[in-house]
Amino acid sequence: MSQKILIIEDEKELADILGEYLKVEGFEVKICNDGKAGLEYFKKEQTSLVLLDIMLPILDGITVCREIRSMSDVPVIMVSAKSGEMDKVVSLGIGADDYVTKPFSPLELVARVKAQLRRYGGNIEKKSSDNGERICVGVLSLIPGSYEAYIDEVSLNLTTKEFEILLLFAKNPGQVFSKSQIYEQVWGYEGICDDNSVTVYINRIREKLKNRDCHYIKTVWGAGYKLAVDA
Ligand code: CA
């Protein structure tokens, strides 16, 4: 069965072009021109991935993304007209998997769609095979099978991406990871490294750890970050 991509985009011409490129790659495509219609479609129909514009009539993309995340793990790629707008969206941590700023090439977007689908498929396999595994470092414990992280049995409430970054550190305590290494490992797409979003994510994880009085993520100046348990 072919995978279905839901495009929620009010620029009809852009939506049609993207739709054509995705169809050539063998995807089924559904286009909705406003946020409300898109969300309603998502609730009713099986969807493999959502391409979501931010500025949308009736219901904006941020609200739509939050609604989708409240019911599903399906990959969401946010599309925005302005990079400044995108920084704000990234910092909100609404749970999108990737971010693309207009103008972009349809081929680049298709590559990102494929990368997300591969990663998502891989995660589902990992989730079922990792059952019960628990990784403990100091006061931290992470359960890859359920994407839960705890400090002293209190959940840190991490988003999927925050969890994946912390898991990378926890599996390699003491090892320094550069921003681009983190980006590649977690977003799984080489070549397009957005240092800014890695920084935003690291800061959000640190904030959540700090609330539990944990300061394990250290900055190694000029090199990156590492997880180090306090002496
Ligand atoms: Ca728009």
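**Close-up views of a predicted model**

**View 1. Glu20 and Lys23 sit in helix 1, three residues apart, which is about one turn of the helix.** Helices (H or I, at least four residues) and strands (E, at least two) are DSSP runs, numbered from the N terminus. This is a predicted model, in which local features need pLDDT of at least 70 and side-chain atom pairs count only at pLDDT 80 or more, while totals for chains, interfaces and linings use all residues. Residues are numbered from 1 along each chain as its sequence is written, and side-chain values use heavy atoms, with hydrogens and water left out. The side chains of Glu20 and Lys23 form a salt bridge (3.7 Å, N to O); the term stands for a side-chain nitrogen of Lys or Arg within 4 Å of a carboxyl oxygen of Asp or Glu. Glu20 is partly exposed, at 46% relative accessible area, and Lys23 is partly exposed at 45%. Buried means under 20% relative accessible area, exposed over 50%, and partly exposed in between (1.4 Å probe, protein chains only).

**View 2. Asp97 forms salt bridges with Arg119 and with Lys161.** Side chains of opposite charge can pair when their charged atoms come close. For Arg119 and Asp97 the N to O distance is 3.0 Å. This pair links distant parts of the chain, 22 residues apart: Arg119 is in helix 5 (residues 106–129), and Asp97 is in the loop between helix 4 (83–92) and strand 5 (98–101). For Lys161 and Asp97, the closest N and O atoms are 3.4 Å apart. Arg119 is buried, with a relative accessible area of 13%, and Asp97 is buried at 3%. Lys161 is also buried. A network of salt bridges links Arg69, Asp97, Arg119, Lys161 and Glu164.

**View 3. The largest cavity is lined by residues including Gly93, Thr160 and Lys161.** A cavity is a set of points, on a 1 Å grid over the protein atoms alone, where a 1.4 Å probe fits but cannot get out; lining residues have an atom within 4 Å of a point. The largest cavity holds about 40 Å³ of space. Helix 6 (residues 160–171) gives the largest share of its lining, three residues.

**View 4. Asp60 lies in the loop between strand 3 (49–53) and helix 3 (61–71).** Asp60 is partly exposed, with a relative accessible area of 31%. Its C-alpha atom is separated by 36 Å from that of Tyr216, 156 residues apart along the chain.

Note on methods: 1 Å grid on protein atoms, 1.4 Å probe; cavity = no way out; pocket = protein on both sides within 12 Å on 5 of 7 lines; lining within 4 Å. Points joined across faces, edges and corners; volume = space filled by probe spheres on them.
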